[in-house]
Amino acid sequence: MYWILPFLLLPLVSSCENDTDGPTLTEITPSVISNLPSGVFDLSSYDEEEDNPLLFTLRWSPTEFHMKGNDKPQGVAPITYSIEIDRSGNKFADAATLAATNADTVDVFRKDLNEFLLSQLKLEAGDTYELELRLSVKFGEGNHEFNQLYSANQVTFRAIPVLNEEEVFFIYLIGNMNGWNTSDTSFPMFRDDSKESNRIYTYTGRIAEDTWFKFIPEFSLGTDDMYYDNGSGTLIHGDSEGGALYIEKEGYYTLTIDLQDMSWKIEPYDVSKAIEWEMINFVGAFCNWGDPDEHNEFHDPEMEPSAYDPHIWTLEIDLPTVEYGVKFRADHSWDNRWCPRSSSEVPFGICDHNPSGDPNISLDETGTGTYLVIFNDLTGHYIISKK
């Protein structure tokens with residue numbers, strides 16, 4: 001198949017000033033994509049020791065450019081091949097780009113394709129989809145109709161996207177308390193630990209009256225794809241105008257979702273004996289454990305309380321050392337400290353208030369760098385995430 005261009009006299013390479021017969025692009029032979037492996041790509045099936053295996057290598061013939069007076073095709077630079085995917089039969093009306101390259105192959109990996117299908121094509125996890133793939137080819141400089149074309153063929157394949165621990169590692173509340181801003185991360189949900197088998201997320205805190213809300217996983221931020229109630233007490237993931245959960249009276253509540261059985265529950269939380277701390281400090285060797293200097297001034301960082309809930313604290317901090325780990329305390333004092341139940345739980349974990357021992361949260365696995373730290377003084381839950 002040949003693309004016969006209407007600009008046969010367009011010179012791509014100028015020769016002498018008076019040479020009107022210089023190299024001219026006359027024909028283009030578009031790329032042909034090789035067939036993909038048959039069967040269905042079930043993105044939940046993989047070896048636990050290799051959670052992001054290679055699914056397939058997409059190959060295609062190079063786009064060939066034929067010049068006037070030259071029997072052999074020539075290269076034109078720059079050239080970019082973009083891999084576009086859409087639902088089969090949609091004529092690429094909602095196509096999204098999986099990858100772009102100037103080579104003639106692309107390796108496609110499980111996690112990359114899975115996240116692409118969920119976040120870019122907004123497909124439902126667990127369903128089987130027939131998908132169509134093509135190349136969008138751009139060559140030369142500028143954006144013009146004559147330097148944009150597509151592969152001579154499209155290939156179809158089937159895939160089953162999946163929600164797994166990696167894609168839903170962080171989940172946030174989205175609702176009228178934050179203007180339904182689906183990019184907002186002010187209301188993070190916590191977990192008791194960071195074990196992959198734990199699919200239970202909780203949020204304990206203040207909820208204003210007449211609050212409607214849903215739950216959004218990190219990979220869906222900025223979209224309308226959230227977890228919501230399907231009308232029978234079960235969570236589903238997707239885009240829906242309904243399905244928001246509702247709390248009528250202002251108070252403190254514990255919101256729980258279990259992504260193993262896709263259940264949810266709302267329970268009142270007794271805050272009558274809770275202390276509203278003046279400050280919460282994040283301490284470690286990086287600040288000499290908060291010991292005062294010669295001027296009796298403290299240098300353990302103060303966390304910022306939420307304007308919505310005084311029991312949720314946040315800090316972004318650069319840690320030049322993580323030696324011996326970190327912990328939390330109140331008002332620059334060891335009289336009120338929070339220590340982890342398990343020192344190895346990062347980014348999610350839970351601390352006890354003034355336990356008999358004095359363990360620290362180890363950051364040896366993640367190392368030095370910039371961290372986002374979030375702490376709930378009601379429950380002792382924390383998130384310590386390296387950015």
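View 1. Phe 157 is in contact (heavy atoms within 4.5 Å) with Leu 36, Phe 41, Ile 85, Leu 113, Tyr 129, Glu 130, Leu 131 and Leu 133, leaving aside neighbours within four places in sequence. This is a predicted model, in which local features need pLDDT of at least 70 and side-chain atom pairs count only at pLDDT 80 or more, while totals for chains, interfaces and linings use all residues. Residues are numbered from 1 along each chain as its sequence is written, and side-chain values use heavy atoms, with hydrogens and water left out. Phe 157, Ile 85, Leu 117 and Leu 131 touch the most other members of the largest nonpolar core, which has 34 residues. A nonpolar core is a set of buried Ala, Val, Leu, Ile, Met, Phe, Trp, Tyr and Cys residues joined through side-chain atoms within 4.5 Å; buried means under 20% relative accessible area, exposed over 50%, and partly exposed in between (1.4 Å probe, protein chains only). Strand S9 supplies the largest share of this core, 6 residues. Another core, of 33 residues, lies apart from it and includes Phe 187, Ile 257, Tyr 308 and Ile 383.

**View 2. Helix H1.** Helices (H or I, at least four residues) and strands (E, at least two) are DSSP runs, numbered from the N terminus. The protein chain has 1 helix and 27 strands. Of the 11 residues of H1, 8 are buried, among them Leu 113, Phe 116, Leu 117 and Leu 118. The buried residues of H1 pack against S4, S6, S7, S8, S9 and S11. Lys 122, which follows H1, has a positive phi, near 60°.

**View 3. Glu 132 in strand S9.** Glu 132 lies in S9, which spans residues 129–139. Glu 132 is buried but has no salt bridge, and the nearest side chain of opposite charge, Arg 134, is 8.3 Å away. Lys and Arg count as positive and Asp and Glu as negative; His and the chain ends are not counted. A salt bridge is a side-chain nitrogen of Lys or Arg within 4 Å of a carboxyl oxygen of Asp or Glu. Beyond four places in sequence, the contacts of Glu 132 include Arg 87, Phe 92 and Gln 154.

**View 4. Lys 195 and Glu 345.** The side chains of Lys 195 and Glu 345 form a salt bridge (3.0 Å, N to O). Lys 195 is in the loop between strands S12 and S13 and Glu 345 in the loop between strands S24 and S25, so the pair ties together parts 150 residues apart in sequence. Lys 195 is partly exposed, at 46% relative accessibility, whereas Glu 345 is buried, at 8%.

View 5. Eight strands form an open sheet in the order S20-S23-S24-S25-S27-S26-S22-S21, with antiparallel pairing. Strands S20 and S21 stand at the edges with a single partner strand each, so one side of each is left without a neighbour in the sheet. Two strands pair if DSSP finds at least two bridges between them; S26 and S27 are joined by 5. Leu 372 has Ser 385 in S27 as its bridge partner. Glu 316 forms a salt bridge with Lys 387, with the closest N and O atoms 3.0 Å apart. Glu 316 is in strand S22 and Lys 387 in the segment after S27, 71 residues apart. Lys 387 is exposed, with a relative accessible area of 61%.
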